[in-house]
Every structure is written in C-alpha cells, then in structure tokens.
Amino acid sequence: MAGRDENALRSHLGRARGLGSAHEGLHHWWAQRLTALALIPLSLWFVASVVCMAGADYAAVSQWLSQPFTVGALSLTILAVFYHAVLGLQVVIEDYIHGKALKLVLLVGLQFAGFGLAAAAIVSLLVIAFAG
Amino acid sequence: MIAGENLRGPAAQAIRTGNIMAESQSSGARRHSRPLSPHLQVYKPQLTSITSILHRFSGIALGLGLLYLVCWLVAAAQGMAAFDALQDFNGSVIGRLLLFGWSVAFFYHLLNGIRHLAWDAGFGFELPAAYRSGYAVLIGTGLLTIAAWVYAYFQMGVL
Ligand code: HEM
C-alpha cells in the first residue's frame, strides 16, 4: 500500500488514528466455523429427535432427556450453540449499534446472557437426569 | 497493492480510475478510488445478497429460539405441571406459528451455513455455482420444513 494513498483501503483518518486490528479476528472467525461444523450433526440430531417426539407426554420426554446419550449429546449441543450464537450476535451488534455506551452494554449483556442461559440449560438437564 | 488490480471489467476499471466517487466528489478537491460498500437503497436485490441477509435474520431468530429452548428445559426440570403448561402453549396457534417460524429459520440457516463453510473451504464461490447453491438452499429449506411438519403431524396421529 505504501505510496498509493489514493487507492489505499484505509481512510486517512483511520491511518492518522493508528488504530489497527486487535488481532482477535482470526480466533473469532475460526471459532464461528468450528462451532458451525459441530452444529451440523448436533443440531440435526436434536431437531430430528424433537420432531420424532411430537405429541409425546412428560413421562416420555423426561425419559428421553435422562438417557446418558441424550445428556452428553445435548450438553455438547448447548455448549456449541451458545458459543456460536454469542459470536454471531456479537458481530450483529458491532455492525448496527454505533453508540459507544449502548454497544458496550449490549455486548456485556450478550456475554452474560449466553453463559447464564447455557448454565440454566445444562443444570436443568442434570436435574432431569439425576433428580427427576 | 492497488485496489482492484486483479479484477476485470467496467467495475474494476472504475475502481482503478477512481470513477466510482467521481460524481459525488467532483465538487471536492480530492478523488478517492477506494471501493465502496453497496448503497442499499440503490442496490438491486439479487439471490446472492438476499440469501446473505436471510442468513443473518435466521441467525437472530434462532438466537431468540434459544431463549425458548431454555424455557422448555427449565420447565421439564421443574416437573409435569410446568412442562404441560408449556406443551399446551406449543399446541396453540401462536405456539405453532412460532415453532413453524423457527423450523424454517433452522433449516435455512443450517443449509446456508453449510454453503458458507463450503465457500470458506474454497468451493463453489464462482457466480454460477453460488446461484445454483443458493436455489438449492431455498428449495431444500422448503422440502425439509414440509417433511418435518408432515412427520410430526403423522406422529401425533393427525395425518
Ligand atoms: C441453531 C442455532 C444457531 C444459531 C442461534 C445461530 C446463530 C448465528 C448467528 C447470529 C450468526 C451471525 C450472522 C451474521 O453475522 O450475519 C451465525 C453465523 C453463522 N452460522 Fe449460525 N446459528 C445456528 C446454527 C448454525 C448451524 C447448524 C450452522 C451449520 C452449518 C451454522 C453456520 C453458520 C455460519 C457458517 C455462520 C457464519 C456466516 C458468515 O460468515 O456470515 N449456524 N449463526
């Protein structure tokens, strides 16, 4: 880019401010793809299972939810899907919310909600399996 | 590196010569020749741009769906009364509409996500291939959604 100011992709202002990459982008990108890949079998398995249980009563559903395979696979699904969704929604917030304070509040809220909801889901799963 | 130096055609020519900004900048002193993002009010919708924004919309919708999934698991952990109340809501018109919407969003996002991963791995990014896979995703979404609901209603003995 040196010497070709007019054609450079970075604006003059961006250049003067000297703010570059925080070098987190690659990890974010990679984690988004990795969780997406894991979610192909995991999410298909979960949705297919739920479709097959359409109309099932409490006894049947809680019986399914307490099988060891279900507990393991659904835990993995929950971890992967919340990681994936938080990464994805983070980009959506960064793209559309421009106020500094609001953006920070939303990004922090997203992280807390992601971890909190994932914990609620997994604890529920364990309660059904071991205390139900 | 010159922006657009490895592109061909009139658009690339415009990028190289700076004509993209020529109109809006003609009164100003400087001409920039950086490539611009599409200006959405004048950008013609195309299959590629529509499938792209639908991926975002379906991702956001599924994010809301996760809230519902957690409610479902928490209700199941709480016992039969809470679980049955949620299942009753699932069976209502609003409940079914929500579930239908989430099923469409899920199948779309899954199939288009696979399309994204193929692109990331270097496959199918040529324009004709991108159009073909775009139509395949839309048709596949319709087929999987119909199959899931037909099977679910069959399972419940309604069909
Ligand atoms: C079911 C729960 C899921 C949720 C809540 C979810 C959510 C999201 C969100 C919010 C985004 C960001 C969209 C954007 O930036 O425009 C995203 C991106 C993505 N999702 Fe998902 N997703 C889910 C499942 C899947 C599955 C099963 C796949 C399988 C392939 C997948 C593949 C992808 C890919 C590849 C991207 C990145 C697309 C890009 O580069 O813009 N997702 N997801």
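**Chain B and the ligand**

Analyst: Of the 159 residues of chain B, 33% count as buried, where buried means under 20% relative accessible area with a 1.4 Å probe and protein chains only. This is a predicted model, in which local features need pLDDT of at least 70, side-chain atom pairs count only at pLDDT 80 or more, and totals for chains, interfaces and linings use all residues. Residues are numbered from 1 along each chain as its sequence is written, chains are lettered from A and ligands numbered from 1 in the order in which they are written, and side-chain values use heavy atoms, with hydrogens and water left out.

User: OK, and where does the ligand lie?

Analyst: The ligand lies between chains A and B.

User: Which protein donors does its iron atom have?

Analyst: They are His84(A) and His109(B), each through NE2, lying 2.0 Å from the iron atom; donors are N, O and S atoms within 2.8 Å of the metal (3.2 Å for Na, K and Ca), and water is not among the atoms, so sites may look incomplete. His84(A) lies in helix H4 (residues 68–96) of chain A and His109(B) in helix H5 (residues 93–120) of chain B, so the pair joins two chains. A helix here is a DSSP run (H or I) of at least four residues, numbered from the N terminus.

User: Are those two histidines buried or exposed?

Analyst: Both His84(A) and His109(B) are buried.

User: Switching to chain B again, how many helices are there?

Analyst: Chain B has six helices and zero strands, a strand being a DSSP run (E) of at least two residues.

How values were computed
Buried means under 20% relative accessible area, exposed over 50%, partly exposed in between (1.4 Å probe, protein chains only). A residue is near a molecule or strand if one of its heavy atoms lies within 4 Å of it.
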